[in-house]
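Thank you all for making time this morning.

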Amino acid sequence: MGINFVTFPTILTQHGIGSLRIGIAATCEISAGILMSFFLSRLVAKIGLMRTLSTFSFIYAIATLLIFFYQSFYLWMGFSFIMGLSWFAYAITRQAWVNSMLTKSNRGVFLGFFNMTIAVGIGFGPLIVAFS
């Protein structure tokens, strides 16, 4: 979600969208994450942790590809909402999945390493794009 608050306004500004509408589009993503928080535990209980994780990572990937190809503001808002739902579900279930595999003795070290690799990946992404 975080990188979208940089890329979405930049791209929407290039397409002549005003700052009020850009703010509304950003709100769609966060609102979707909040909405998903009310239903995620029931969804995981119903279809399982791994199925939820894989389903929402797939939906997020599809929405990311579609948002690239469709530049309509209203479609952008819809895809932003879908991305917010998917990212929230993916991020929470990913953490739950990792926690379910750990023991008390290795939880702190592994979670620190796990989150560090995510942060390094997020940091290297723009660097790789800049040099390519």
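The accessible surface of the protein chain comes to about 8400 Å², and carbon and sulfur atoms account for 75% of that area. Please keep in mind that this is a predicted model, and that 27% of the chain's 132 residues count as buried.

As for the overall build, the protein chain has 5 helices and 0 strands, and its C-alpha atoms fill a box of roughly 55 × 40 × 20 Å along the principal axes. When we take the contacts between residues at least 6 apart in sequence, 65% of them join residues at least 24 apart.

Staying with the surface, there is a nonpolar patch of about 840 Å², made by Phe 58, Ile 62, Leu 65, Leu 66, Phe 68, Phe 69, Tyr 70 and Leu 75. Helix H3, which covers residues 49–69, gives the largest share of this patch, with 6 residues, and Leu 65 has its place in that helix.

Let me turn now to helix H2, residues 19–47, whose 29 residues should span 42 Å at 1.5 Å a residue, and because its end C-alpha atoms lie 40 Å apart, the two values agree.

Which residues of H2 are buried? They are Ile 22, Ala 25, Ala 26, Cys 28, Glu 29, Ala 32, Gly 33, Met 36 and Leu 40. In general, an α-helix has 3.6 residues a turn, so residues three or four places apart point the same way. Finally, H2 is followed by Gly 48, whose phi is positive, near 100°.

Key. Residues numbered from 1 in each chain as written. Predicted model: local features only at pLDDT ≥ 70, side-chain atom pairs only at ≥ 80, totals over all residues. Heavy atoms only, no water. Patch = residues over 30% accessible without salt bridge, like charges linked within 9 Å, V, L, I, M, F, W, Y side chains within 5 Å. Areas by Shrake-Rupley, 256 points an atom, 1.4 Å probe, with all protein chains shown as cover. Salt bridge = Lys/Arg side-chain N within 4 Å of Asp/Glu carboxyl O. Helix = DSSP H or I, 4+ residues; strand = E, 2+ residues; numbered from the N terminus. Expected span 1.5 Å × (residues − 1). Buried < 20%, exposed > 50% of the residue type's maximum accessible area, 1.4 Å probe, protein only. Contact = heavy atoms within 4.5 Å.
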